[in-house]
Each structure stands twice: as structure tokens, then as C-alpha cells.
Amino acid sequence: MRTYDTAFGINPPSCVENSLGTPTGLHVIDEKIGDGAPAGMVFIGRVPTGKRYWEHEEQRNFVTTRILWLRGLEPGHNAGPGCDSHDRYIYIHGTNLEADFANARSHGCVLLRNEEVIELYDAVPSGTLLLIE
């Protein structure tokens, strides 16, 4: 069993589409993306760019290293129209904001440090349940 520091959405927890809040409730790790990518690799549209975050001219909050794409399991709460975690592209992923991790915020995703998201990615299979409270 491991515990990780995490960062969450810009806004308070919310399952509402476009809320920029991290959705609560029971989820499953539906898809895993980024197997073997180097730490810091930037993904855009779940596709590796071929560059790590420090190699990009533009600096913004990037999706880095690994993606664990979540699917909500509670209809009307985090699954279905207007609240669907999968359709909102809610992930657990690495971040380029490690230097100021205490203040890092996402658009609803769960952020981990790059080495920790690799560890988690390698430890859990697709189909693993996750409760976000």
C-alpha cells in the first residue's frame, strides 16, 4: 500500500461537466496510456508529443509521463450526460508543476509527481477501482 501527495482541480470537487472540479465517487481505471514513455513526456490528446515538458517553448499545465483514464461508475453522479468522468477526460497523470506541487491545480484531473505516476501505473491494472472523496 502506498500514499501519494496529489493535486486536484482548480475549483472545488464537482462532477458537473466544465466545472474544472475533480469528480467524486467510485471510478475505475478504464485505460492506461504511456507505457514506457520517459518521465516528463508531454501528451496532447493522449498522444506523446516526442518532447518532455522542459523541451516545449510554451509552458502551461501539461499532461505528462503516464495517463490513467478514469470512468465513473455512479450513474447521474459521475457517469452519464452532463457529469461523465470519462467524457470529461478525467485522468490521473503526471505534471510539469512538480517544483510548486503544493499549489498545482488541474482542470479536474488528479495530479501526481512524474516518478510516482510511473510507480502507480506499473502497480495497478486497468479495471482497478478508485474512490475519490
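The dialogue below reads a predicted model of a protein, feature by feature.

User: What box do the C-alpha atoms fill?

Analyst: Taken along the principal axes, the box is roughly 40 × 30 × 25 Å.

User: What share of the residues is buried, and how do I read that word?

Analyst: A residue is called buried when its relative accessible area is under 20%, and exposed when it is over 50%. In this protein, 47% of the 133 residues count as buried. The accessible surface comes to about 7000 Å², and carbon and sulfur atoms hold 52% of that surface.

User: How do I read contacts against sequence distance?

Analyst: Take contacts between residues at least 6 apart in sequence, then ask what share joins residues at least 24 apart. Here that share is 64%.

User: Which residues touch the most other members of the largest nonpolar core?

Analyst: A nonpolar core is a set of buried nonpolar residues joined through side-chain atoms within 4.5 Å. The largest one here has 13 residues, and Leu-68, Leu-70, Ile-92, Leu-112 and Leu-120 touch the most other members. Strand E4, strand E6 (110-112) and helix H1 (114-123) each supply at least two residues of this core. H1 gives the largest share, three residues.

User: What does Leu-68 contact?

Analyst: Leaving aside neighbours within four places in sequence, Leu-68 is in contact with Ile-29, Glu-31, Lys-32, Ile-90, Tyr-91, Ile-92, Val-117, Tyr-121 and Val-124. There is also a second, separate core of nine residues, which includes Ile-33, Ala-37, Met-41 and Tyr-91.

User: Which residues of H1 are buried, and what do they pack against?

Analyst: For a helix, list the buried residues and then look for the elements they touch. In H1 the buried residues are Asn-114, Glu-116, Val-117, Ile-118, Leu-120 and Tyr-121. They pack against E1, E4, E5 and E6.

User: How do I compare separation in sequence with separation in space?

Analyst: Pick a pair of residues and set the number of positions between them beside the C-alpha distance. Arg-52 and Pro-38 are 14 residues apart along the chain, and their C-alpha atoms are separated by 8.0 Å. Asp-30 and Val-16 are also 14 residues apart along the chain, with C-alpha atoms separated by 20 Å. Asp-87 and Arg-105 are 18 residues apart in sequence and 20 Å apart in space, C-alpha to C-alpha.

User: What surrounds Arg-52?

Analyst: Arg-52 lies in strand E3 (residues 47-52) and is partly exposed, with a relative accessible area of 31%. Not counting residues up to four places away in sequence, Arg-52 touches Pro-38, Ala-39, Gly-40, Met-41 and Val-42. Among these, Met-41 is also listed in the second core.

User: Where are Asp-30 and Asp-87 found?

Analyst: Asp-30 is in strand E1, and Asp-87 is in the loop between E4 and strand E5 (91-94). Asp-30 is partly exposed, with a relative accessible area of 27%, while Asp-87 counts as exposed at 55%. With residues up to four places away left out, Asp-30 touches Trp-69, Arg-71, His-86 and Ser-126.

How values were computed:
Residues numbered from 1 in each chain as written. Predicted model: local features only at pLDDT ≥ 70, side-chain atom pairs only at ≥ 80, totals over all residues. Heavy atoms only, no water. Buried < 20%, exposed > 50% of the residue type's maximum accessible area, 1.4 Å probe, protein only. Contact = heavy atoms within 4.5 Å. Areas by Shrake-Rupley, 256 points an atom, 1.4 Å probe, with all protein chains shown as cover. Helix = DSSP H or I, 4+ residues; strand = E, 2+ residues; numbered from the N terminus.
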